[in-house]
Amino acid sequence: MRRNNAAIANKSRDANNIAIPVIAVFDVGKTNKKLLLFDEQYNVVYEEEEQLPEISDEDGFACEDVHALTQWLQSSFNRLVKNKRFAVKALNFSAYGASFVHLDEQVQPCLPLYNYLKPYPENLKRQFYDSYGGESLVAKQTASPVLGSLNSGMQLYRLRYERPAVFEKIKYSLHLPQYCSFVLSGNTSSDITSIGCHTNLWNFKDNAYHAWVYTEGIDKKLPGIKPGNYVAGIAGEGVKVGIGLHDSSAALIPYLYSYEEPFVLLSTGTWCISLNPFNHEALSNYELHHDCLCYLTYKGEAVKASRLFAGYAHEQQTKRLAAYFNKPEDYYRGVSYNSRLAATVNKTGMQQKRAEAMTLTSVSGTRNLQEFDNYEAAYHQLISDIITQQVRSTNLVLTATPVRKIFVDGGFSRNSVYMHMLAGNYPNMAIYAAAVPQASALGAAMVLHEQWNDSAMPPGLVKLQRYLAE
C-alpha cells in the first residue's frame, strides 16, 4: 500500500510541478551502463541505458574505455541535475569487480582499465605463489581461487614486475566502483566489497590486507577503506555521493534487509552463483578447487559462494536443440514444466573431466537427440542435466548452515522447468523465484538510506513465488 501511495504522491508532485526527491545510482556493467532514479519508497522512477564501445590496451586486448566512461558519468549527472522533475538528494554506484583504474600524481587515469579476462603470464603467476606459500595457502587465506587477472590484486603485481617505471608513477589504484565515485565526488577511497571479491588482496582470517600487499608496496597505492554507507563528497547542489559497491555484494542487500532467517541466493545468468551469507566456515581445499570463493558484504561479513557456467551452457545447448528440431532459438521460452516428461529424464550425472574449476561439462552436449520425440522432451532432459550440476554446486555452500530457503533470481527464475526441477531436488527446502527490479542498483541505493531519506524503509522490496516438486 505504501508503494501505491508513493506512486500517487509522485503523480501529485508531477501535476503540481513539484520535484520528486530521488537517489540516483549508476549501475556499471561490462556491457550495459545504466542510470536509475529511486524515489523515497524505492520505486524506479527513471531509467536510461548506454553501451560504450570497447577499445584495446597496449597489447591489443579489448578493454573498457575509461575516458568514455568518465565522460558518460559526468554528462549524465550534469543532465540529471538540470531535470526539474527530480530533486536528486544522493548518488551511489554499483559496478563490476576485479577492475582497477590507475591514477597518476595529477589524479588522472594513466593506464587502460585492463580487462579481467586478459590472460595472465604463467611465469609471474608461478613467481607470486612460490613467493607466498603456494596456490592452496594463498587461496585459502584470501578466499580467492587462482583466477589470474580476475584476482585484481594480481594486475597490480603484474605492473610492479612487468612495467616497474609505470607502477612507480601510480598514485592511487581504485576499483571501478570507487573510481566512479571519485569522478563525481573528487575524493578517493577503497571499499571492502570491492577488496573482498576474489582479489587476492584480503586475508579473511586476519580481517586485513594480506602480507604480500605490504611486502610488494601495493598498500601505498590503495586509499583508505571507508564504510559502505560513507559519503565520499558532495556533487552539484548538495548531492551526497557514496563510495560505490561491487555489484554482486550490492545485489544481496535487499535480501539481507528483507529476511533474517538463513537463506541461499542463487543468482542466475551467464554464471549461476550460489551465495550463502550465513556460512562462515573457512574455505576448504576441495571447495577452492571447485571454484568456491568468498565475497564481503558492505558490513565486512563473509559470504561463501560457488559458481557454475550454467547460463552459458543453456545458451549453447538451446541453439543445438533449435537447429535439430527446426525451432526458433528462443523456443524454450514457451516450454512449460511437464511432470510426465520430467519423470522420463535420464539422471546420468555429469562428465567428470574438467578444463578448469566448475566448468564441468554436463552430458547434455553429448546426448543423442534422436532419442527424443520432440523439442519439449529434449529440453526437459537439458534442464535436468543442468540441475544435476547446479545441485552439486549449490551444495558446496549449504554445508554447516541451517538454510531452509533458496531464492532464485535472474533468468532461470522465470523458467518453470528449471524451478520445478530444482524444487524436486530439494524436497526439504522452500524454493522461491525472487524478483527484485535492478537488485544491484537497489542495494547501492539502500546503503545510503539514512543519508537522504526520512521515510522508513518500505516492506515488500522482494517479490517471491514458491515452487514445489510435482
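A residue is called buried when its relative accessible area is under 20%, exposed when that area is over 50%, and partly exposed in between, using a 1.4 Å probe and protein chains only. At 0% relative accessibility, F128 therefore counts as buried. Y157, at 1% relative accessibility, counts as buried too. The structure described here is a predicted model, in which local features need pLDDT of at least 70 and side-chain atom pairs count only at pLDDT 80 or more, while totals for chains, interfaces and linings use all residues. Residues are numbered from 1 along each chain as its sequence is written, and side-chain values use heavy atoms, with hydrogens and water left out.

A pair of aromatic rings is described by the distance of the centres and the angle of the planes. Rings of Phe, Tyr and Trp (for Trp, its six-membered ring) pair if their centres lie within 6.5 Å; planes under 30 degrees apart count as stacked, over 60 as edge-to-face and the rest as tilted. A search of the whole structure finds 29 aromatic pairs. One of them is formed by F26 and F93, whose ring centres are 5.9 Å apart with planes at 10°, so the pair is stacked. This pair links distant parts of the chain, with F26 in strand 1 (residues 20-28) and F93 in strand 6 (residues 86-95), 67 residues apart. For orientation, helices (H or I, at least four residues) and strands (E, at least two) are DSSP runs, numbered from the N terminus. Both F26 and F93 are buried. The pair of F128 and Y157 is edge-to-face, at 5.0 Å centre to centre and 80° between the planes. Here, too, distant parts of the chain are linked: F128 lies in helix 3 (residues 122-131) and Y157 in helix 5 (residues 152-162), 29 residues apart. Ring pairs join F128 and Y157 with Y129, Y132, Y161 and W212 in a cluster.

Helix 3 and helix 5 pack at an angle of about 105°, with their axes 11 Å apart. Axes are lines fitted to C-alpha atoms, for helices over the stretch in contact, and angles run from 0 to 180 degrees between N-to-C directions. The angle makes helix 3 roughly perpendicular to helix 5; angles under 35 degrees count as roughly parallel, over 145 as roughly antiparallel, 65 to 115 as roughly perpendicular and the rest as oblique. Where contact means heavy atoms within 4.5 Å, L124, Q127, F128 and Y129 of helix 3 meet M154, Y157, R158, Y161 and E162 of helix 5. The residues of this contact divide into 6 nonpolar, 1 polar and 2 charged. In this scheme Ala, Val, Leu, Ile, Met, Phe, Trp, Tyr, Cys and Pro count as nonpolar, Asp, Glu, Lys and Arg as charged, and the others, Gly among them, as polar.

The axes of helix 2 (residues 66-81) and helix 7 (residues 176-185) come within 10 Å and cross at roughly 50°. In helix 2, V66, L69, T70, L73, Q74 and F77 meet L176, Y179, C180, V183 and L184 of helix 7. By class, the contact of helix 2 with helix 7 has 9 nonpolar, 2 polar and no charged residues. Helix 12 (residues 310-325) and helix 14 (residues 375-398) have axes that come within 11 Å and cross at roughly 160°. Helix 12 and helix 14 are therefore roughly antiparallel to each other. Their contact is made by A310, H314, Q317, T318, L321, A322 and F325 of helix 12 with Y375, A378, Y379, L382, I383 and I386 of helix 14. It has 10 nonpolar, 3 polar and no charged residues.

Finally, a few single residues deserve a look. I431 sits in strand 21 (residues 430-435) and is buried, with a relative accessible area of 0%. I431 and R466 are 35 residues apart in sequence and 5.7 Å apart in space, C-alpha to C-alpha. Phi of A143 is near 55°, a positive value in a residue other than glycine. A143 lies in the loop between helix 4 (135-142) and helix 5, and at 3% relative accessibility it counts as buried. N207 likewise has phi near 55°, but at 52% relative accessibility N207 counts as exposed.
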